[in-house]
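I opened this structure for a first look. My notes follow the order in which I looked things up.

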Amino acid sequence: MSKHPHLMIQGTGSHVGKTTLVAGLCRLYANRGLRVAPFKSQNMSLNSFVTEENEEIARATAVQSFAARQRPVVHMNPLLLKPKSDSVSQLIIHGRPHRDVDAREYFLADTHRALKLAAIQESIDHLNRHYDLVIAEGAGSCAEPNLRPFDVVNMEVAHRLDARVFVAADIDKGGVVAELLGTLRVLELVAPEDVARISGFIINKFRGDRQVLQPAVDFIEQHAKKPVVGVLPYLSLALEEEDRVQPRMHGTPEVDIAVLYLPHISNSTDFDYLQEEPHVRVRFVRSVDQLGAPDAIILPGTKNTVGDLVHLRRIGFERVLQELSATTPIVGICGGFQMLGRHLLDEHRRESEHGSTTGLGLLDIDVEFLPGKTVFNRHYTPTKDNPLRDAGEVSGYEIHSGLIRYDSARPMYAHPGGFDGAVHERLPIFGTFIHDLFKNPRLSRAFVDTLRQRKGLPVLTAPLCNHDTRREDSYNRLAAALAEHMTSID
């Protein structure tokens, strides 16, 4: 049995701050000595995380787990959907791939409902046994009449957890009064029993004089008959985004790095750490016209390698990359690494409906897509051919399908299971499967310094970034803001 009533943050819509609020509450209650677990029964995201058990969960849940000072485990996120196209996603259950599912069948039919609920209940039972408090996160809007009969992430979870629900809205978007009262009214019409679960409202991302907002707060409470338990200020935090890319610029940019934005880009958080280096600008580029003359080009990870390669060809990037390859460093991460090869062999169409195709031909390797999926957290030792070998050993994780066959290209790293990555024998081109590569401070600095030296700039002398310190500071500021601006929800 839990020692504290479970809590759940639901929202009037997507991107109202649910993920961040749960992280803040996790830190707040962890500071009070409770063993806290975040929980999101089902997440749809291409930003994932590999646990110590080499199992896959949503990265946002891992961020919340670290806020709670807990080790991320699959029971914090039993269901993960990774979109492969507009209508098909890979379903991951308890950290392992289950099968590809069609969106209409998955969300609007009972086909998988028993399976999903069984996984969710197993995780709830596990969390109840091992933690004092569960702080759950809903998804999207909690008032979707078309989805309520098949719900496995909002009110269905609240009932199973016996959780007190707080509905959050983003005032920065405008229309917060209508959002909250409209959400409540839809819930009353669709499932009145859900309304009883709501203990209050949270207005998020407020800027300005609190007294100016008070008449609106009074209006909400008068007509909803439920309290507004918090009006939270807009905060700038160094926390990873759930599923959006957020480019930032620090100081005067002296190094310009272009990341090619792919339709199915995954783990875009890989590049957050490069943005923390002094005078570095990281841009996400969607067209050839936006590319300009960057100091380096990165092809990121993707959930649909061949499909996104076809997209790059269609909009003209293949020709541009080949023209720039002799003078501009080009880096591939995971799916982007595979694209750099000569051939992507997929005779049985395991990776996509496109089957086998030629790659960009910038690295002398072939990729063969095989059954199964590589999911690993581990350490990597640089090879003698690694252009960044002086940065030493790195840590990171892999989530991919595909086996590399080397020709003239040489491996970039060695690990207990074999080799990783590839380095061009002459040109400044390399690729790797390692996610979080740039989270290694010495590696990031070595990469940026290499780009600076190519431009005739001196190497950086600023201290290396401490990403853990920045994250901890954000957690603590967030928890302090919740303590100050929310009434007690104990």
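**Entry 1: the model.** I am working from a predicted model.

**Entry 2: Asp151.** I started with where Asp151 sits. Asp151 is in the loop that runs between strand 9 (133–137) and helix 5 (155–161). Is Asp151 buried or exposed? Its relative accessible area is 7%. The cut-off for buried is under 20%, so Asp151 counts as buried.

Next I looked at what its side chain meets. A polar atom of the Asp151 side chain lies 2.9 Å from the backbone nitrogen of Val153. The backbone nitrogen of Met155 is 3.0 Å from a polar atom of that side chain. I then left out residues up to four places away in sequence, and Asp151 touches Arg113 and Glu156.

**Entry 3: strand 6.** How many residues of strand 6 are buried? I found five of the five, over residues 79–83. Strand 6 is therefore largely enclosed by the rest of the structure.

I checked which way the side chains go. In a regular strand they alternate between the two faces of the sheet. Here Leu79, Leu81 and Pro83 point one way. Leu80 and Lys82 point the other way. All of these are buried, Lys82 included.

Then I looked up the neighbours. Strand 3 (residues 42–44) pairs with strand 6 in the parallel sense, over three bridges. Strand 7 (residues 88–93) runs antiparallel to strand 6, and five bridges join them. A hairpin of four residues links strand 6 to strand 7.

Entry 4: In what order do the six strands of the open sheet stand? I read the order as 15-13-16-18-28-27, with mixed pairing. Strand 15 (280–285) and strand 27 (422–423) are at the edges. Each has a single partner strand, so one side of each is left without a neighbour in the sheet.

I followed strand 15 to its partner. Strand 13 (residues 255–260) pairs with strand 15 in the parallel sense, and I noted six bridges.

Entry 5: Which strands does helix 11 (residues 317–324) lie across? I listed strand 13, strand 15, strand 16 (296–299) and strand 18 (330–333). Helix 11 runs at about 135° to strand 16.

Helix 10 (residues 305–314) is mostly covered, with seven of its 10 residues buried. I wrote down the buried ones: Thr305, Val306, Gly307, Asp308, Leu309, His311 and Leu312. Just after helix 10 comes Gly316, which has a positive phi of about 95°.

**Entry 6: a pocket.** I ended with the second largest pocket. Its volume is about 490 Å³. How many residues line the second largest pocket? I found 27, and Lys84, Gln90, Lys303, Lys373 and Ser401 lie nearest its centre. Strand 8 (96–102), helix 12 (335–339) and strand 23 (394–400) each give two or more residues to the lining. Strand 8 supplies the largest share, four residues.

Key:
Residues are numbered from 1 along each chain as its sequence is written. This is a predicted model: local features need pLDDT of at least 70, side-chain atom pairs count only at pLDDT 80 or more; totals for chains, interfaces and linings use all residues. Side-chain values use heavy atoms; hydrogens and water are left out. Buried means under 20% relative accessible area, exposed over 50%, partly exposed in between (1.4 Å probe, protein chains only). A polar contact is a pair of N or O atoms within 3.5 Å; within protein, one must be able to donate a hydrogen and the other to accept it, and residues adjacent in sequence count only if both atoms are side-chain atoms. Contact means heavy atoms within 4.5 Å. Two strands pair if DSSP finds at least two bridges between them. Axes are lines fitted to C-alpha atoms, for helices over the stretch in contact, and angles run from 0 to 180 degrees between N-to-C directions. On a 1 Å grid over the protein atoms alone, a cavity is a set of points where a 1.4 Å probe fits but cannot get out, and a pocket is an open set with protein on both sides within 12 Å along at least five of seven lines; lining residues have an atom within 4 Å of a point. Grid points are joined across faces, edges and corners, and a volume is the space filled by probe spheres set on the points.
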